[in-house]
Amino acid sequence: MQESQPVLLMLLMVSWGVITTVLVILVIYRGTLSSKEDDQIFIAAGEQHHYQDQQAVIAKMSRLTKPIIALAVISGVLLLTSAGIWIYEGLKSF
């Protein structure tokens with residue numbers, strides 16, 4: 001049992017790092033999408049494709065919301081679990 005906890009801690013930290021990296025990439029991607037979004041568009045009838053482009057950007061941003069929230073929660077849980085195991089190991093050896 002002594003050897004399995006450091007391995008478990010290492011696996012938790014690696015998985016936390018991977019999930020947090022994916023989370024940061026998604027947040028950056030959403031930020032680049034939001035920079036392309038306009039608050040208001042005043043277009044003529046011939047420029048209707050601009051409105052459709054904006055609707056596509058808004059749809060992409062709204063689809064990213066749930067995965068970003070889920071990854072943030074998973075990242076937080078992994079970090080807290082890793083910290084708990086690390087503290088437990090420290091108190092056990094104290």
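These legends go with close-up views of a predicted model. Local features need pLDDT of at least 70 and side-chain atom pairs count only at pLDDT 80 or more, while totals for chains, interfaces and linings use all residues. Residues are numbered from 1 along each chain as its sequence is written, and side-chain values use heavy atoms, leaving out hydrogens and water.

View 1. Helices (H or I, at least four residues) and strands (E, at least two) are DSSP runs, numbered from the N terminus. Of its 94 residues, 20% count as buried, meaning under 20% relative accessible area; exposed is over 50% and partly exposed lies in between (1.4 Å probe, protein chains only). Among contacts (heavy atoms within 4.5 Å) with a separation of 6 or more, 83% join residues 24 or more positions apart.

View 2. Helix α2 covers residues 48–93. Its 46 residues reach 68 Å from first C-alpha to last, close to the 68 Å expected at 1.5 Å a residue; that expected span is 1.5 Å times one less than the number of residues. Look for the kink of about 25° at Thr-65, shortly before Pro-67. The bend is the angle between axes fitted to the seven residues ending at a residue and the seven starting there. Val-14 sits in helix α1 (residues 4–36). Val-14 counts as partly exposed because its relative accessibility is 48%.
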